[in-house]
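Work through the exercises below on charged side-chain pairs. Each task is followed by a solution in steps.

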Amino acid sequence: MSDRHRRETWARRRRDGDRVLTAGRVAAALLVVLAAAGLAMPVTPISYVDSGSMAPALSPGDGFLAVPAAVTGPPEVGDVVVYRSEGVDPGGLVVHRVVDRTSEGYVTRGDANPVTDQRAGEPPVGRDRVVAHAVAVDGDVVALPGVGHVATRLDWLRSAFGG
């Protein structure tokens, strides 16, 4: 390998490394901004799932970006939404996919679940109960692996030390 070729190879690797580093910094800055915005919004822009009902799109402990329903349009079939439960876990938040729309509301189901939430006892989800939409690219939820595990540990530390 010639010296010129070696120098060009190292220069290309350095440029590629700089691009990756810059992209990483932009992503980190975006996450910090989203987390800070969460302090002013009723829904945290980075949320997570703690069950396997949304596998394979979201595994237990995976985080995702949640856009408050107040700034999005109505959900469409295929969207993953966060809604406030009334039947199965009253007041709890559920992260499931909209699979149908009826005159009574949205029909939802976890990707890994054999039946819809409505067949399991949850009433149809009205738009007023939709709290947020998960960010998706080409129909795939943008997952943040492990974020839920970190958030759970931080919550534990905060409660353990009186926070």
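A salt bridge here is a side-chain nitrogen of Lys or Arg within 4 Å of a carboxyl oxygen of Asp or Glu. The model is predicted.

**Exercise 1.** State how many salt bridges a search of the whole structure finds.

Solution. The search finds three salt bridges.

**Exercise 2.** Show that Glu86 and Arg129 form a salt bridge, and state which parts the pair ties together.

Solution. Step 1: the N to O distance between the two side chains is 3.6 Å, and the cut-off is 4 Å. Step 2: Glu86 sits in the loop between strand 3 (80-84) and strand 4 (93-102), while Arg129 sits in the loop between strand 5 (105-109) and strand 6 (130-134), so the pair joins parts 43 residues apart in sequence. Step 3: Glu86 has a relative accessible area of 49% and is partly exposed; Arg129, at 7%, is buried.

**Exercise 3.** Find the salt-bridge network that contains Arg129.

Solution. Step 1: Arg129 meets Glu86 in a salt bridge. Step 2: Arg129 also meets Glu122, at 2.8 Å from N to O. Step 3: Glu86, Glu122 and Arg129 are therefore linked in a network of salt bridges under the definition used. Step 4: Glu122 is buried, with a relative accessible area of 2%.

**Exercise 4.** Describe the salt bridge between Arg97 and Asp111.

Solution. Step 1: their side chains meet at 2.9 Å, N to O. Step 2: Arg97 belongs to strand 4 and Asp111 to the loop between strand 5 and strand 6, so this pair ties together parts 14 residues apart in sequence. Step 3: Arg97 is buried at 16% relative accessible area, whereas Asp111 is partly exposed at 24%.

Notes: Residues are numbered from 1 along each chain as its sequence is written. This is a predicted model: local features need pLDDT of at least 70, side-chain atom pairs count only at pLDDT 80 or more; totals for chains, interfaces and linings use all residues. Side-chain values use heavy atoms; hydrogens and water are left out. Helices (H or I, at least four residues) and strands (E, at least two) are DSSP runs, numbered from the N terminus. Buried means under 20% relative accessible area, exposed over 50%, partly exposed in between (1.4 Å probe, protein chains only).
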